[in-house]
Amino acid sequence: MQKISNQGIIAVVRGQTLEEGLKIADACIAGGVKVIEMTFTTPLAHEAIAKLQRKYQKDEEVIIGAGTVLEATTARLAILAGARFIVSPAFDEETIRLCNLYRVVSCPGVMTPGEAAKALAAGADIIKIFPGDIVGPKIIKDIHGPLPQAMLMPSGGVAVDNVADWLRAGCVAVSAGGSLTKTAKSGDYAGVTAMAQKFIEAVRRAKNELHKQFHIRTA
């Protein structure tokens, strides 16, 4: 959880094939986005997770997880393949409890403060605000009002030009998919790497701004 927070961004990888998924992940890592969410819409996603774990096992900054995990059976398959975090599009208590059993970070998707409270009560680690492009950054304040302890992360609609809005609102990280990896559809993986670098720079600038504001308030 601390490494995810430190890096500030997760790459959502959706490959049309296993090979494409691996290439997209490699391109993201090359650009500095080293937290990879391999979604189970990617064929043989558990094999991709295992391959990436073996390839990057010596790089402590690389964290491989699983996404689009709908139920506990898929979560266990991902965990056995080496996934270090599990991301779901919705709240599923059994999946969260399985993650807690194996001490793997769980990130269920929610859309309301009520759903966020249920996820926290079940033991969720990071709450995914989904779809982010529908609810917008303002919902972070609304959730943090009654639940200031919640670690929140948006997914859906996150782009380079709104990363700062989400982080300023109080998110621990952002989750980027299509806006980060879209050039892979035409086989342009260098474009994915270039966009990853832009995201990393956007996160860095936003965090520096937040640090400066904090020091000004506490001076």
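How many bridges join strand S2 (residues 35-39) to S3, and do the two run parallel or antiparallel? In this predicted model, five bridges link S2 to S3, and the two strands run parallel.

Strand S3 spans residues 63-67, and because five of its five residues are buried, the strand is largely enclosed by the rest of the structure. In a regular strand the side chains alternate between the two faces of the sheet. In S3, Ile63, Gly65 and Gly67 point one way, whereas Ile64 and Ala66 point the other way, and all of them are buried.

## Cysteines

The count of disulfides comes to zero. Cys99 takes part in no disulfide, since the nearest cysteine sulfur, which belongs to Cys107, is 8.2 Å away, and a disulfide would require the two sulfur atoms to be within 2.5 Å. Cys107 is likewise in no disulfide, its nearest cysteine sulfur being that of Cys99.

## Aromatic rings

The structure contains zero aromatic pairs. A contact of another kind does involve a ring, for Lys128 lies over the face of Phe130, at 4.6 Å from the ring centre.

Conventions. Residues are numbered from 1 along each chain as its sequence is written. This is a predicted model: local features need pLDDT of at least 70, side-chain atom pairs count only at pLDDT 80 or more; totals for chains, interfaces and linings use all residues. Side-chain values use heavy atoms; hydrogens and water are left out. Rings of Phe, Tyr and Trp (its six-membered ring) pair if their centres lie within 6.5 Å; planes under 30 degrees apart count as stacked, over 60 as edge-to-face and the rest as tilted. A charge sits over a ring if NZ of Lys or CZ of Arg is within 6 Å of the ring centre and within 35 degrees of the ring normal. Buried means under 20% relative accessible area, exposed over 50%, partly exposed in between (1.4 Å probe, protein chains only). Helices (H or I, at least four residues) and strands (E, at least two) are DSSP runs, numbered from the N terminus. Two strands pair if DSSP finds at least two bridges between them.
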